[in-house]
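Here are a few notes to read beside the model, written for someone meeting it for the first time. Please keep the structure open as you go.

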Amino acid sequence: MGANNQTWVREFILLGLSNDWDTQVTLFVLFSVTYLLTLLGNVLVVLLIRLDSRLHTPMYFFLTNLSLVDVSYATSIVPQMLVHFLVEHKGIPYVSCAAQLFFSLGLGGIEFVLLAMMAYDRYVAVCDPLRYSVIMHGGLCARLAITSWVSGSVNSLVQTTITFQLPMCTNKYIDHISCEILAVVRLACVDTSSNEVAIMVSSIVLLMTPFCLVLLSYIRIISTILKIQSTEGRKKAFHTCASHLTVVFLCYGMTIFTYIQPNSSPSVLQEKLISVFYAILMPVLNPMIYSLRNKEVKGAWQKLLGQLSGLMSKLGT
């Protein structure tokens, strides 16, 4: 019974980004505004795609999934972090911590795989445009999306289960902004080498494998674009991929730059900054990137705003 009491932790304490009250208030205001913009931007993108029939294409089907993932990922971390900025006791129950780890890890994995599926869509659009509608039919798009959601969720379920089977003894202080897997594993009072191997394997499967697929897709895409004779044709083909390529660079680049370093592992501060980047910045940047760099989306926005303006004018008269 004593051993069980030693290994059972009812609550964890998240140390967060800062102990300074003024800093926490500033971060609360900044992150609150950013989170609201994340919700607004991604919900509007999803609604716009649903309302405009010109956007009922595979690319925007995947973008809808990406927006849902971004909103869900931010929601799994940010609201709890905002509450902790304003309270002295920054506790999170054991079960809530496990749930947060499951959802944030799962949604992160889903996004990486989803970006690889989007790269394949862009590869077909540029390299085999005449058969694009035949290859990227609705059934295939649905299967690719389901594969993304299932693979990320299954990996997260396995990682969460083996992580929370570790005895934590009396360790309950998590030096992080959320229940991130590496931060939780560090609390264990036993050898965690098997967990570290499992994390490394899952990183290869859900990070490096999709990244390699994205890389191969864009090698073929760039090769095809360079063979196009007209400057206008090359420009149009590149513009087709510009938004996705920007998101890929931001999403994969941050993780790979931080974790793939010779004879080094990321510091606790780096891990916190990565989490802030993915939970705060990426979800608000994605709808901006796809809106500002995409003529079809900008055209749909203009059409919708024009319809709303016309409706308001009729109501006013």
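1. The lining of the second largest cavity has four nonpolar, one polar and two charged residues. Here Ala, Val, Leu, Ile, Met, Phe, Trp, Tyr, Cys and Pro count as nonpolar, Asp, Glu, Lys and Arg as charged, and the others, Gly among them, as polar. You will find M59, F62, M118, D121, R122, H244 and Y290 around this cavity. Helix α4 gives the most to its lining, with three residues.

2. A word on sources: this is a predicted model, where local features need pLDDT of at least 70, side-chain atom pairs count only at pLDDT 80 or more, and totals for chains, interfaces and linings use all residues. Residues are numbered from 1 along each chain as its sequence is written, and side-chain values use heavy atoms, with hydrogens and water left out.

3. Which stretches carry the UniProt annotation "transmembrane region"? The unreviewed entry gives residues 25-48, 60-78, 98-120, 197-219, 240-261 and 273-292; positions follow the numbering used here, feature names are shortened, and annotations may be inferred rather than shown by experiment.

How values were computed
On a 1 Å grid over the protein atoms alone, a cavity is a set of points where a 1.4 Å probe fits but cannot get out, and a pocket is an open set with protein on both sides within 12 Å along at least five of seven lines; lining residues have an atom within 4 Å of a point. Helices (H or I, at least four residues) and strands (E, at least two) are DSSP runs, numbered from the N terminus.
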